[in-house]
Amino acid sequence: MPKQEPKVRAHNFDEVAIGYGEEQALEEAARCLNCPKPQCVTCCPVELDIPGFIKLIKEKKYDEAARKVKEKNSLPAICGRVCPQEEQCQKLCILCKIGEPTAIGRLERFAADYEQEKGVETPPLPTPTGKKVAVIGAGPAGLTVAADLTKLGHEVVIFEALHVPGGVLVYGIPEFRLPKRIVKAEVEYIEKLGVKIQPDALIGRLHTIEDLFKKGFDAIFIGTGAGLPQFLRIPGENLGGIYSANEFLIRINLMKAYLFPEYDTPIRIGKKVAVIGGGNVAMDSARSALRLGADEVWIVYRRSREELPARAEEIENAEEEGIKFQFLTNPIRFIGDEHGWVKGMECIRMELGEPDASGRRRPVPIKGSEFVMDVDTAVVAVGRTPNPIIQSTTKGLETTKWGTIIADEKTGQTSIEGVFAGGDIVTGEATVISAMGAGKRAARSIHEYLMKKR
Amino acid sequence: MFEVCAPEIAVKAEPGQFVIVTIQEKGERIPLTIAGLDRETGTITIVFNEVGKTTKQLGTFKEGDSIPNIAGPLGNPSEIQKFGRVLCVGGGVMAAPLYYVAKALHEAGNEIVAVVGARIKDLLVFEEEMKGVAKEFYVTTDDGSKGYKGLDFLKEILNEEKFDRVVVMGPVVMMKTVSEMTKPFNIKTVVTLTPIMVDGMGMCGACRVTVKGETKFGCVDGPEFDGHMIDFDELIKRQRVYSSEERLASVFYEKLGGCKCDNA
């Protein structure tokens, strides 16, 4: 797929991957063998009819292709961009045996973008059931539940804590990977279906779960995500110039700090930036830092390259743009200047020991290998934990010791009748598509619950 | 001072909680402590100083204008119960939300001794309201233009009178000073922190503050904390992180008359 040149894109926030034109899409679609027993569909969390929509692209019926996709997936332009297809549908593509798999994600994006450009139509809706559902959180899980339930005739209100809907799609994933106009358009489609979105509504504070039932909602879905930053808990971490990845990305993505002072929220970036962590959030932070004008950006990761949890495509993009890596390195202390601003980060070298519970080899510090990296900005991207406010304000809602809500994997049913949950709030930090899958399954069981309840 | 119509928030909010306000599409999210409310009319009171770009712009809002985004109530409510004799010290605009807390403490059966302070006489707010709930009432200004000059007089009061609790809301330096004064007397002193925040819901960690050696978030663990446990020097440094950008935005706004954003 065509991409912006690394040297150019490292200085702008425009989308990196440009997307297929019609000719390329047709060429790629033609590679799909339309297998009699397609394997790709078996591991799509939202059960997309992959050969079905690709066939329609082959026939140049792009509108129909988009509609086919939307039968199952209400956020296709988003999924086409941020799903890890290489670990899901494309991994099982028969073509992998002889070479590259069909680029399913790129074709999904093509169909969705085509429709967005042309103007999106909404499908006819069934007769209203008279049932009302409250969805908490307008992220990938919540938007999916809301769309699916609306299409089944239920009235849905989404309560979103921030001032803009989209959850991690707007506050977490940067513009250059997922343009915010794409998110806006897909959210607008869901609103056009009839879903009401109430922003600035932090459930647990503004209304409790109990309040929502009293207000007449028949069922509730909690999709509040994993939005709490984890820190390293090492000395000096509260110095100026040290951000959680969440703060860094919220300032840039949600508040558009890269356009300060046209936008009111500032961000300060130094010349030498260290990003601690090796996941997609670390890559996003590092690449954002580069685009904000840092001279040098390092990813500091305690394991080796092989263990990097980020998508291969994003690691490659980061490297092309000039991000540098310090593997097998762990920070142990930040050093500040006289103004309370970070000026250095003391690290220790690591080596890989025996595999731990996750099956990955455990990094062990090498004694006496301490050294100091000169940095004037650091971004801590070592994971996010579940948002705790609903758990702490809802009696009877069972949680794990990690603070996630306990919910049935297939149905999303929690310990309270009529309350369902799904996405990162149940699994801990995972992918957009897995949250959408959970939303889809929950929508099905909420529907069943509502129709049984008379 | 504004009264904002926000019925859902007015039903739920308690003294000590805050709201996050965004005043235009390209605006920042700023926290403002709730200074009172009326559950019947569905309004909440906010009081702010026109110090930065956003507050200056908010200051141009007229009666009937609407604030596009207001989220709340956020943070934990102030601890209200019968403590006995409570010294309430409010500085600058924070005297307004302090009054709201003092009133609740008064209603809970506490005897209130109130201090309202400001840099200069003209910046004093909520004196009359505070007098209404206080048994004893003092005024202080940094320059001595009204009442006592500075905070030193508090030492005498602390020496002569007995208090069961001290509640302080105001600039960080003032909260630090008062906390240091009360420490030798071993009086529980609670302060309301207003660190830099972005989301105000526990997501960004910009508001992190060291309390008893542990990192806490001002927005969700506070905003009320034990003043004797806070690393105030760190907090003061963290509050200055964006001072040059804040100045820039403010100058930019005033030079351009704010016209760029008015259509939002």
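Contact, as the word is used in these legends, means heavy atoms within 4.5 Å. The structure shown is a predicted model.

**View 1. Phe53 of chain A and the residues around it.** Leaving aside its neighbours within four places in sequence, Phe53(A) is in contact with Leu48(A), Ala65(A), Lys68(A) and Val69(A), and also with Ile104(A), Leu107(A) and Glu108(A). Phe53(A) belongs to helix α3 of chain A, where it is one of the buried residues, together with Ile50(A), Pro51(A), Gly52(A), Ile54(A), Leu56(A) and Ile57(A). Because 7 of the 9 residues of this helix, which spans residues 50–58, are buried, α3(A) is largely enclosed by the rest of the structure. At the start of α3(A), a side-chain oxygen of Asp49(A) comes to within 3.0 Å of the backbone nitrogen of Gly52(A). After the helix comes Lys60(A), whose phi is positive, near 60 degrees.

**View 2. The largest nonpolar core and a second one.** The largest nonpolar core has 138 residues, and those with the most contacts inside it are Phe53(A), Ile57(A), Val297(A), Phe334(A), Met345(A) and Ile446(A). Helix α16 of chain A, made up of residues 432–452, gives the most to this core, with 9 residues. Chain B takes part as well, since the core draws at least three residues from each of its domain 1 (2–74) and domain 2 (85–239).

**View 3. Gln90 of chain A in its loop.** Gln90(A) is placed in the loop between α5 (76–82) and α6 (104–118) of chain A. With a relative accessible area of 13%, Gln90(A) is buried, because buried here means under 20%. The side chain of Gln90(A) reaches the backbone nitrogen of Ile104(A) at 2.9 Å. Not counting residues up to four places away in sequence, Gln90(A) touches Gln85(A), Cys96(A), Pro101(A) and Thr102(A), as well as Ala103(A), Ile104(A) and Gly105(A).

**View 4. The open sheet of 5 strands in chain A.** This sheet has the strand order β3-β2-β1-β4-β16, with parallel pairing. Strands β3 (196–198) and β16 (419–421) of chain A stand at the edges, each with a single partner strand, so one side of each is left without a neighbour in the sheet. On average, and with direction ignored, neighbouring strands of the sheet are turned by 20 degrees against each other. Strand β4 of chain A, residues 219–222, is joined to β16(A) by 3 bridges, and the two run parallel; in this pair Ile220(A) stands opposite Val419(A). Helix α7 of chain A (residues 140–151) lies across β1 (132–136), β2 (155–159) and β4 of that chain, and runs at about 165 degrees to β2(A).

**View 5. The open sheet of 7 strands in chain B.** Here the strand order is β9-β8-β7-β6-β10-β11-β14, and the pairing is mixed. The edges are formed by β9 (148–149) and β14 (224–226) of chain B, each of which has a single partner strand, so one side of each is left without a neighbour in the sheet. Within the sheet, β6(B) pairs with β7(B) in the parallel sense over 7 bridges, and β7 (residues 111–118) pairs with β8 (residues 136–141) of chain B, likewise in the parallel sense, over 6 bridges. Val115(B) of β7(B) stands opposite Val89(B), and the bridge partner of Val115(B) in β8(B) is Tyr138(B). Because 7 of the 7 residues of β6(B) are buried, this strand is largely enclosed by the rest of the structure. Both of its faces are covered, with Arg85(B), Leu87(B), Val89(B) and Gly91(B) buried on one side and Val86(B), Cys88(B) and Gly90(B) buried on the other. Helix α6 of chain B (residues 172–182) lies across β6 (85–91), β10 (165–169) and β11 (189–192), and runs at about 165 degrees to β10(B).

**View 6. The two domains of chain B.** The domain assignment of chain B gives domain 1 (2–74) and domain 2 (85–239). The C-alpha centres of these two domains lie 21 Å apart. Their contact takes 18 residues from domain 1 of chain B and 16 residues from domain 2 of chain B.

Key: Residues numbered from 1 in each chain as written. Chains lettered and ligands numbered in written order. Predicted model: local features only at pLDDT ≥ 70, side-chain atom pairs only at ≥ 80, totals over all residues. Heavy atoms only, no water. Pairing = 2+ DSSP bridges. Helix = DSSP H or I, 4+ residues; strand = E, 2+ residues; numbered from the N terminus. Axes fitted to C-alpha atoms, helices over the stretch in contact; angles between N-to-C directions. Core = buried A, V, L, I, M, F, W, Y, C linked by side-chain atoms within 4.5 Å. Buried < 20%, exposed > 50% of the residue type's maximum accessible area, 1.4 Å probe, protein only. Domains from an automatic or database assignment. Polar contact = N/O pair within 3.5 Å; in protein donor to acceptor, adjacent residues only side chain to side chain.
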